[in-house]
Amino acid sequence: MLEKLRQLDNRYTELQTRMENGEIYADPAAYTKCVREMKELEPIAAAYREYAKCCTAMEDAAELMADPEFKELAQEEYTSAKQRKAELEENLKILLLPKDPNDEKNIIMEIRGGVGGEESSLFAYDLFRMYSMYAEKRGWKLDVVNVNETELGGIKEISFVIEGTGAYSRLKFEAGGHRVQRVPETESGGRIHTSAATVAVLPEAEELEFNINPNDLKIDTYRSSGAGGQHVNKTESAIRITHLPTGVVVECQDERSQYKNKDRAMSILRSKLYEAEQAKQNAAIAAERKNQVGSGDRSERVRTYNFPQNRVTDHRLTGDVRNFNIANIINGDLDPLIDALVTASQAEKLRSQADEA
């Protein structure tokens, strides 16, 4: 591990030198690549350099302990440096774990009401509201692409894009089946009902990553439905794109411009096909979606929202850390839950590395 860390630190120094000499600014592509690589290496280089300082401090303190006059002070310095060194070792192990190449990407999220009738649609709306509030707290931009609403204010299905640094790294854990237990507003007898919704999370694929043959597409235009005033019923601005080889269908009716709807629909289609291709080429995607710390199957129940007991339970976590306050979670305070899932994912990766070693 130390040899690998030295190599990465040397690489970071090399990139710093390239940035300082100024020549790289003449090549925008090289400059962008250099900045991106430096950003990835910076936390590793900083932790490694602090680790090296701790090692030196321990050596110096060990020498001083031979002098009775400085022994007590040197012992304190040695113990402190040793403790910090151990903390840095664990941090460096995590920093060296393979990075998900999609982590910094924008995402496309889809929520669909499942079993439970109208109550599942109302729960789907609650989930959308939760993610909207979380995106706002993180300073991310959210755009609805397509929505199918119910008369009582629920959502049968909704697709939306979240744009922001690290969006996929935080929200990829949301993919799966979400279950709610509560007394519906429409329930006069006070009985607790159980209903469900499913959440899909896709990294937004760039055009260069996945090309689509135009001949494989069937593109239809139609009039938008739902809220939107007179404009909705007058122009055929909504777009439906069918990818003929796979049967994947994407609809977009949020924008007033047909061209904007088409661009957004193509972006979503590209992301769906890109993810399917990745899954086909790499069977380990299931283990990576175990990042969703159970199985990669989106149909698996990942979380239960129990209103009578005022708690949210994430079934991929264990012990006391698996339960969270429902009011905080449903109002978009997802960071404590997501942090726990990130930690569990990192621990699983470290265990896998140890087993392979």
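A residue counts as buried when its relative accessible area is under 20%, as exposed when over 50%, and as partly exposed in between. In this predicted model, Tyr 31 has a relative accessible area of 30%, so Tyr 31 is partly exposed. Tyr 25, at 47%, is partly exposed as well.

**Aromatic pairs**

The structure holds 4 aromatic pairs. Tyr 25 and Tyr 31 form a tilted pair, while Phe 128 and Phe 160 form an edge-to-face pair. The table gives the values for these pairs.

| Pair | Centre to centre | Angle between planes |
|---|---|---|
| Tyr 25 and Tyr 31 | 5.1 Å | 35° |
| Phe 128 and Phe 160 | 5.1 Å | 70° |

Because Phe 128 belongs to helix 4 and Phe 160 to strand 3, their pair ties together parts that are 32 residues apart in sequence. Phe 128 is buried at 14% relative accessibility, and Phe 160 is buried at 0%.

Another aromatic ring has a charge over it: the charged end of Arg 182 sits over the ring of Phe 307, 5.1 Å from the ring centre.

In soluble globular proteins, nonpolar side chains tend to be buried together. Here the largest nonpolar core has 37 residues, and Met 109, Ile 162 and Leu 171 are among those with the most contacts inside it. Elements that each supply at least two residues of this core include strand 1 (107–113), strand 3 (155–163) and helix 10 (335–356). Helix 4 gives the largest share, 8 residues.

Beyond its neighbours within four places in sequence, Ile 162 is in contact with residues including Met 109, Ala 135, Trp 140 and Leu 171. Another core, of 15 residues, lies apart from the largest one and includes Val 145, Ile 212, Ala 265 and Ile 268.

Methods
Residues are numbered from 1 along each chain as its sequence is written. This is a predicted model: local features need pLDDT of at least 70, side-chain atom pairs count only at pLDDT 80 or more; totals for chains, interfaces and linings use all residues. Side-chain values use heavy atoms; hydrogens and water are left out. A nonpolar core is a set of buried Ala, Val, Leu, Ile, Met, Phe, Trp, Tyr and Cys residues joined through side-chain atoms within 4.5 Å. Buried means under 20% relative accessible area, exposed over 50%, partly exposed in between (1.4 Å probe, protein chains only). Helices (H or I, at least four residues) and strands (E, at least two) are DSSP runs, numbered from the N terminus. Contact means heavy atoms within 4.5 Å. Rings of Phe, Tyr and Trp (its six-membered ring) pair if their centres lie within 6.5 Å; planes under 30 degrees apart count as stacked, over 60 as edge-to-face and the rest as tilted. A charge sits over a ring if NZ of Lys or CZ of Arg is within 6 Å of the ring centre and within 35 degrees of the ring normal.
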